[in-house]
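Welcome! Please take a look at the structure below, and then we will walk through it together.

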Amino acid sequence: MNKEILPSGQSISIAVLFIIGSSLFMGVTGRSGNSAWISLLIAMSLSVPLMFVYARLHVLFPGKNLFDMLIAMFGGIAGRIISCTYIWYALHLGALVLRNFGEFSETVALTETPMIAPMLCIGLLCVWTVYSGIEVLGRSAKFLLLFTIMILFLLQILAIPKFEYHHLKPVLDSGWGPILADAMGLFTFPFGEIVIFLGVLRALPGKGSAKKVFFSGLLMGGGVIMVVIFRNLLILGPDILSSLYFPAYVAVSRINVGDFLTRIEGSSAILFVTALYIKVSLCLYVASIGVAKVFKLKSYRSVVLQLGLLMVYLADFIYQDIMQMQNFAYHTYKIYALPFQVFFPLLLWIVAEIVASKGKQKESAP
Amino acid sequence: MGAFVVLAYAVIVLLDPYGLLKRGMKRDFYVCSALCLVSFCIAFALSMHWKVPSPSPVIVNLVSHFY
């Protein structure tokens, strides 16, 4: 099989859409109220060292993905066990994002339709994309990112008359405690989730291109989330914002231009679907690559359909209701995701640096 | 609904695992068949409205145990 190559522009588009994925819709509501933007800035700053670690892994292991790195550094058995945890994380994350979409459909858009129907449609679309290869995903992401930014910009302009700037004050009303707690949540969801991208590092062209991808993803994704946070906050205010499951949808539904341009929240739903399509596809791709690596398969395509179906089923029975979903996303997830996003990559990086320095010492020895 | 799932999976088995076997990819066939069996069991259970245990409570318990 030919090696798949993902140009920088396409990989940056995937990274940006991956980061903004569910945050675009779920919002970042927490306890920080009108200071959520400060939490976002702190979370972005906290993510910078993590991005350096991820980018450094690409330099230390050129042409390898996360699973190759784990097996190379920790050996066949331990490497495969840790790989299995990452396969689970990718599958679980994909299922969580699909479930967000399912809950959105059942709560807001398609209230009479069983939740599994829209999730299965998106899931099968992702299976098709992943089966076609990462290059197809890259090209789709490049187009969809332009589309997303255009719609976001348009919605932002149309929303300006509805902005009530007093919602921003008083800054730091709730103190630093809730802001730091929310920053921790934002660090793991969505910025830390980019760890999944380590599974496609093999497809990146140059040795140092990962740094560009991770930092562009962080800055652009963070910028988009910041714009959405401000829009939601200025339209709805902190009290209403914290009581909604899908604040972006409600905020956009308030847009009314001369009683003519109204009810345009459907356009924001399209943005949600495009971003989650990229996010779920990447999770499915990485899970398939992982299974293929762990079981030494000839092609990852052999397991794409089954893993995609499992992801959709998992999304169906993972939560009992939307409150459980909200509770998991905002309270449990920030602890649950830490080993995958921070501990294992840090351990891998430290071991890889030690091995690399030992290798250099041996080379320089007479 | 259960019958529909069985029919759908008959088509999936013909297309996916059996296709791999015909192409001589034996290892891929075994892994795909195992995954297919698991996904069929879950799909059938969901179609019959049986309760499938969710991993979320386990994760929540685990997290609350450590934090």
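Which residues does Phe197(A) touch, not counting residues up to four places away in sequence? They are Ser11(A), Ile14(A), Ala15(A), Leu204(A), Val213(A), Phe214(A) and Leu282(A), where touching means heavy atoms within 4.5 Å. This is a predicted model, in which local features need pLDDT of at least 70 and side-chain atom pairs count only at pLDDT 80 or more, while totals for chains, interfaces and linings use all residues. Residues are numbered from 1 along each chain as its sequence is written, chains are lettered from A in the order in which they are written, and side-chain values use heavy atoms, without hydrogens and water.

**The core**
- Phe197(A) and Phe214(A) have the most contacts inside the largest nonpolar core, which has 151 residues (a set of buried Ala, Val, Leu, Ile, Met, Phe, Trp, Tyr and Cys residues joined through side-chain atoms within 4.5 Å).
- Helix 11 (residues 265-294) of chain A gives the largest share of this core, 18 residues; helices here are DSSP runs of H or I, at least four residues long, numbered from the N terminus.

**Where the chains meet**
- In contact across the two chains are 28 residues of chain B and 28 residues of chain A.
- The count of salt bridges between chain B and chain A is zero (a side-chain nitrogen of Lys or Arg within 4 Å of a carboxyl oxygen of Asp or Glu).
- Helix 1 (2-15), helix 3 (26-47) and helix 4 of chain B each supply at least two residues of the side that touches chain A, and helix 3 of chain B has the largest share, 11 residues.

**Helix 4 of chain B**
- Ser56(B), Ile59(B) and Val63(B) are the buried residues of helix 4 (residues 56-66) of chain B (under 20% relative accessible area, with exposed over 50%, partly exposed in between, 1.4 Å probe, protein chains only).
- Seen down the helix axis, these buried residues fall within an arc of 65°, so they line one face of helix 4 of chain B; the arc is that of the directions from the axis to the C-beta atoms.
- The face turned away from the buried side carries the exposed residues Val58(B), Asn61(B), Leu62(B) and His65(B).
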